[in-house]
Amino acid sequence: MQSLSIRLSILGLLMERDMHPYEIRTRMKERFLDLQGRFKIGSLYYAVDQLRKQNYIEAVMTIQDDLGPEKTVYRITDSGKAYFQSLLLDRFREAAPDNHPLYIALVFAGKGDQEQIATILRERIGEAEKQVELCRRTYAEHEGIVPRSVLHLMAGYYEHARTELAWLRRLLIDAEAGKLHEISILPGFEH
């Protein structure tokens, strides 16, 4: 899936305008596409080459830079636009994985040192609070500037971060009380 994510990102950026790979790389990093798509930015040049070989993109010019090597500018082809649409729609159909790193640990958390777990959870909560604030601030800074689809992305990150924070706080309460081993119901959890 990571190779499809990088392909979608490259083609999506070329839908905006023609670019050379270094510029594509810069735009990806600015928009955190590598993090969102969970791919390594270093695989960009290989992916560009593969897209070119498959005629999804084509070279339109080469720029000679006095300070560095030549840069080939690419544009998306008609078949690349069709492939982009296919990749885009496939991502909308794809179900989100439910594999939080804590899930496997929670199965056995009742057998662990509750105080050490609580200490780690406090640290995670501090990081989660920072993430919630960062997401809120990022959304607020981009209102009225970016397309609504991007605002939905930012709102999704914000909502997920808030949910993660609330979940970690509930977990901390039980760890601090030494209740992770108990068989009971979770107070305050609405279902």
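A salt bridge here is a side-chain nitrogen of Lys or Arg within 4 Å of a carboxyl oxygen of Asp or Glu. Keep that cut-off handy for the first stop, and remember that you are looking at a predicted model, where local features need pLDDT of at least 70, side-chain atom pairs count only at pLDDT 80 or more, and totals for chains, interfaces and linings use all residues. Residues are numbered from 1 along each chain as its sequence is written, and side-chain values use heavy atoms, with hydrogens and water left out.

**Stop 1: R124 and E164**

Select R124 and E164 and show their side chains. They form a salt bridge, with 3.9 Å between the closest N and O atoms. This pair ties together distant parts of the chain: R124 sits in helix α7 and E164 in helix α8, 40 residues apart. (Helices are DSSP runs of H or I with at least four residues, numbered from the N terminus.)

Now colour by accessibility. R124 is partly exposed at 30% relative accessible area, and E164 is partly exposed too, at 23%. The scale runs like this: buried is under 20% relative accessible area, exposed is over 50%, and partly exposed is in between, using a 1.4 Å probe and protein chains only.

**Stop 2: the α7/α8 pair**

Zoom out to the two helices that carry those residues. Select 114–142 for α7 and 148–176 for α8; they pack at about 160 degrees with their axes 8 Å apart. The axes are lines fitted to C-alpha atoms over the stretch in contact, and angles run from 0 to 180 degrees between N-to-C directions.

How are α7 and α8 oriented to each other? They are roughly antiparallel, since angles over 145 degrees get that label, while those under 35 count as roughly parallel, 65 to 115 as roughly perpendicular and the rest as oblique. α7 passes α8 in a left-handed crossing; that is, the near helix is turned anticlockwise from the far one by less than a right angle, with clockwise giving right-handed.

The residues in this contact split into 19 nonpolar, four polar and nine charged. Ala, Val, Leu, Ile, Met, Phe, Trp, Tyr, Cys and Pro count as nonpolar, Asp, Glu, Lys and Arg as charged, and the others, Gly among them, as polar.

**Stop 3: Q114**

Go to Q114, which is found in α7. Is Q114 buried or exposed? It counts as buried, at 14% relative accessibility. Leaving aside neighbours within four places in sequence, Q114 is in contact (heavy atoms within 4.5 Å) with A109, D174, A175, G178, K179 and L180.

**Stop 4: α6 against α8**

Which residues make the contact? Pick L102, Y103 and L106 on α6, then W167, L168 and L171 on α8. By class, the contact has six nonpolar, no polar and no charged residues.

While you're on α6, click P101, which lies in this helix. At 61% relative accessibility, P101 counts as exposed.

**Stop 5: α2 and α4**

Next, select 21–30 (α2) and 44–53 (α4). Their axes come within 10 Å and cross at roughly 125 degrees, so the two helices are oblique to each other. α2 passes α4 in a right-handed crossing.

On the α2 side, highlight P21, Y22, I24, R25 and M28; they meet L44, Y45 and V48 in α4. The tally for this contact is seven nonpolar, no polar and one charged.

**Stop 6**

E30 counts as partly exposed, with 48% relative accessibility.

Finish at R91 and E94, whose side chains meet in a salt bridge at 3.6 Å, N to O. R91 is partly exposed at 30% relative accessibility, and E94 is partly exposed at 32%. How many salt bridges does the structure hold? It holds 14.
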